[in-house]
Amino acid sequence: MSECTVFRSASLRETYTKIKHKSGLDIYVFPKKLTTTYAIFATRYGSVDTRFKLAGDADFSEVPDGVAHFLEHKMFDNEDGVDSFARFSAYGADANAYTSHHRTAYLFSCTENFSESLAELLTYVTHPYFTPESVAKEQGIIGQEIRMGDDNPAHRRYYNLLRALFHGKQIYTNICGTVESIAQITDQILYDCCRVFYHPCNMALVVCGDVTVEEVLTIADQHLPMREPVEIIREYPPEPESVYMPKITAEMSVAQPMFSIGIKDPCANHEPADRLRREAAFSILCEMLFNKSGDLYNTLYREGLLLGGLGYGYESNPGYAYVSLNGNSHDPDAVLARIKAAIADAQQNGLSATAFARCKRVMYAEFVRDFDSTADIADMMLDFVFADVEPLSYAEVLDSITFAEVEALLKEAFCPERFAMSVINPIKEG
Amino acid sequence: MKRYELANGAAVNVIETDRFKSSLLSINLAVPIKAETAALNTLLFCVLKQGSANYPSQAAINTRLDDLYAAELSTRNYKRGDMQILGFAVDFLDNCYIPDGTDVLGGSADMLGELLLHPLLDESGCFRADLVAREKTMLCDAIRAQINNKRAYAQRRCIEEMCRGERFALPLTGTVEEVDAITPKMLTDRYYALLRTARVEFFFIGSTPTDVLLPRLEHAFAAYPAHSVAEVQTQVVRRAELVREITEEQDVAQGKLVMGFRSGYAVADPDYLHFMVFCELFGGSAASKLFLNVREKLSLCYYCSADMDSYKGLMFVSSGVAAENRDRAYEEIMRQLEAVRGGDFTEQDLSNAVRGLQSAYRQLGDSPGALESYSLGRMLFGVNLTAEDMVRGFGKVTADDVIAAARRVSLDTVYFMRGPACGACPDDEEDDDE
């Protein structure tokens, strides 16, 4: 039997139900009175998972880079020759999929035929069908996807930052792989990876919209295969605390240098609750240091060192985490020096308690706002549940972060040797 | 949607809804795109958001917005046909989520009024020279940075070439030379002229009742001057005369192909929905002709899709292909167009396209931004169809309507951006630099 638990937040005025389905899948149903219903079915399997086995297997399997993403493309093929995009289209649903470092996700949004669409989602993602011909055909398409990324300076800047910050090859390798690595992919490799990672107990389904638990459960009972639980063993090389190299540059056809500054956070292997707390504290701290109300941003902009905005965020993953700061500047080295100086100054002279209160309020308001779209809600739910924490509690976690905690984090986390920078420079004439 | 008028004549469009935890308030100024004012308008809004009389810096403005529970301010500057739409919008949390009773609606409305009507001026009544100089530098850098996004740049170049001589071809940012030539005096004169001549449309989407909202807007915008508005007609070229081909070289690994078509339809045409269904069936989704053939069957590309500019009557097909496959992609795209023209599609293809569009228009009501953008655009073009009317209308489009629409579109300009050619092979380039 499936087991249901209801979660509620009085302040957010939201409720959802978590179902431990008998197939082993965790299902989350988040009712929302909007026209669009959105469903996302995802596996904890991303580009970093290249060395793994099931408990009981004798040896580890090692697969080429880009298999998770390749699988995402090929899951839409079906044995009867009709691709799942066409089926969704006939229901009037809009389907899509994506792959990240740690996740592959399949999703759709619809305004009618929800049950049919959900049935299709659960069916095609659990019924792989690959042939040597279909694999060969996809190599051409993904090859062009890789080339498209090669022409995108923000994309190159991002991967170069990962290259500078991290030693682990799985972290900095392109999620799509390379033209060479995807040439090694065969239908058998796809089947093997599917067997390991596309197992209900390694997956989650989130549905958000004007739907009931009963509707979702009826479809899940009919379409989810029952399988024996498995244990997946992944092997990642341990990530050292140090950065791999402090600066990495590339030349592309851009008008001005584009930079991305990373600050590695080596304390990423905590318990889920501690990681969530750390993420909340980092979000508030980054807002205090880098936001548009603050001195640092406004000085850099006024002096013309920053061309436009400064993007910032904290990214936390199993095994690694970092802060990143992105922008355009004629002098990225000067920007880096100023950022380091501002942080050193704050470490020495302390932060402002008023700014702390204001930034906490900003983070709270941004969290509340995420509950205005079924897609945003479902995506956010998935982020939290894959991090093994309860989503609605985030408002309270944010609220419970103290000024002292953030000041301590500032002193501990931002040491100079954890900085790295990726710069895309314009091509030199001649 | 209900429409009200402020004492100064500005229109306020209100969509009252309690679906969302946040509300959207915007002020939109519509003026014709003109070579002599486009860059001034753009720079003006860059300068306005640097500070106002009571919030004299970006830091002061942003701190105030943060205190309004992270009210999010955005600047508008885009084309709707031959019109330039300028303005500010602010998105803020609903009162019931504000624990300390801060009046975020009033504060947000006041902030929009501040930015637009109480600018930061020097003793002579002009915009401050230092701010103007800095924002000119920033804008010039932004113009140069357009090359960074190759796909968007290719699309922009296609429009410039295709609509040359039409207002629509003018870049809203102007050129680096035009921006360089702007003085604080010119900008100040333009500011007052813009307020006097622009059509003004407010939008509010949220749960606040109008008896609370309207007095707050009257108060915030009391200083808005009297204005008289000239109607703007968008020039729609219904048919391309002959096909122009342009190839340019950039440092790219993948060629970017953009094919610009005249759709043959204007958004106010009674049969405009026929074209929309055709465009969706041709290249609007992963079940479309272009996706299934150029990508899935020939595996020439990762993306190949058709989209439209409804207000200007244009359709674009874009694809990223290896330079050596440019001709194959081009031929396949034209072959698929011929197929639709010949009626070579199924009832299922038609019904997929109709359902896709119906779903998209039903979803409008779930996004305040999308709802506002749709409502403002159709209002400016005198189209009185609600999203529900559109959903019903799509359902009436027949296969013959789609065939007729396919026959009406005409290819105008083929733009191709390719990587550096090898030295040995002289190219068939037809460079058309300005």
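Predicted model: local features only at pLDDT ≥ 70, side-chain atom pairs only at ≥ 80, totals over all residues.
Let me begin with chain A, which has 16 helices and 15 strands. The C-alpha atoms of chain A fill a box of roughly 65 × 60 × 45 Å along the principal axes, and the radius of gyration is 23 Å, which agrees with the value near 22 Å that a compact globule of 430 residues would have. Of those 430 residues, 47% are buried, and if we take the contacts in chain A with a separation of 6 or more, 80% of them are between residues 24 or more positions apart.

Chain B, for its part, has 15 helices and eleven strands. Its radius of gyration is 24 Å, close to the 22 Å from the globule rule for 434 residues, so chain B is as compact as a globular protein of that length. The box filled by the C-alpha atoms of chain B is roughly 60 × 50 × 40 Å, again along the principal axes. Buried residues account for 49% of the 434 in this chain, and residues 24 or more positions apart make up 81% of the chain B contacts with a separation of 6 or more.

Now to where the chains meet: 50 residues of chain B are in contact with 46 residues of chain A. On the chain B side, at least two residues each come from α2 (58–67), α4 (129–144), β9 (301–309), β10 (314–321) and α12 (347–362). Which of these elements gives the most to that side? It is α12(B), with seven residues. Sorted by class, the side of chain B that touches chain A holds 17 nonpolar, 20 polar and 13 charged residues.

I would like to stay with α12(B), because its axis and that of helix α14 (residues 387–394) of chain B come within 9 Å and cross at roughly 170 degrees, and angles over 145 degrees count as roughly antiparallel, which is therefore how these two helices run relative to each other. From α12(B), the residues B:Val354, B:Leu357, B:Gln358, B:Tyr361 and B:Arg362 meet B:Ala387, B:Met390, B:Val391 and B:Phe394 of α14(B). By class, that contact comprises seven nonpolar residues, one polar and one charged.

Some of these names return when we turn to the largest nonpolar core, which has 252 residues, and in which A:Val206 and B:Val277 touch the most other members. If we leave aside neighbours within four places in sequence, B:Val277 is in contact with B:Ala353, B:Val354, B:Leu357, B:Phe394, B:Val397 and B:Val402.

Back in chain A, helix α1 (residues 67–74) is mostly covered, with seven of its eight residues buried. Those buried residues are A:Val67, A:Ala68, A:His69, A:Phe70, A:Leu71, A:Glu72 and A:Lys74, and they pack against β7 (94–99), β8 (104–110), α4 (132–150), α7 (179–183) and α8 (187–197) of chain A.

I will finish with A:Lys169, which lies in helix α6 (residues 169–172) of chain A. Is A:Lys169 buried or exposed? A:Lys169 is exposed, because 12 other C-beta atoms lie within 10 Å, and a residue counts as exposed at 12 or fewer. The C-alpha atoms of A:Lys169 and A:Glu239 are separated by 10.0 Å, although the two residues are 70 apart along the chain.

Note on methods:
Residues numbered from 1 in each chain as written. Chains lettered and ligands numbered in written order. Core = buried A, V, L, I, M, F, W, Y, C linked by C-beta atoms within 7 Å. Buried ≥ 20, exposed ≤ 12 C-beta atoms within 10 Å, placed from the backbone. Contact = placed C-beta atoms within 7 Å. Helix = DSSP H or I, 4+ residues; strand = E, 2+ residues; numbered from the N terminus. Nonpolar A, V, L, I, M, F, W, Y, C, P; charged D, E, K, R; others polar. Rg over C-alpha atoms; globule rule 2.2 N^0.38 Å. Axes fitted to C-alpha atoms, helices over the stretch in contact; angles between N-to-C directions. Parallel < 35°, antiparallel > 145°, perpendicular 65-115°, else oblique.
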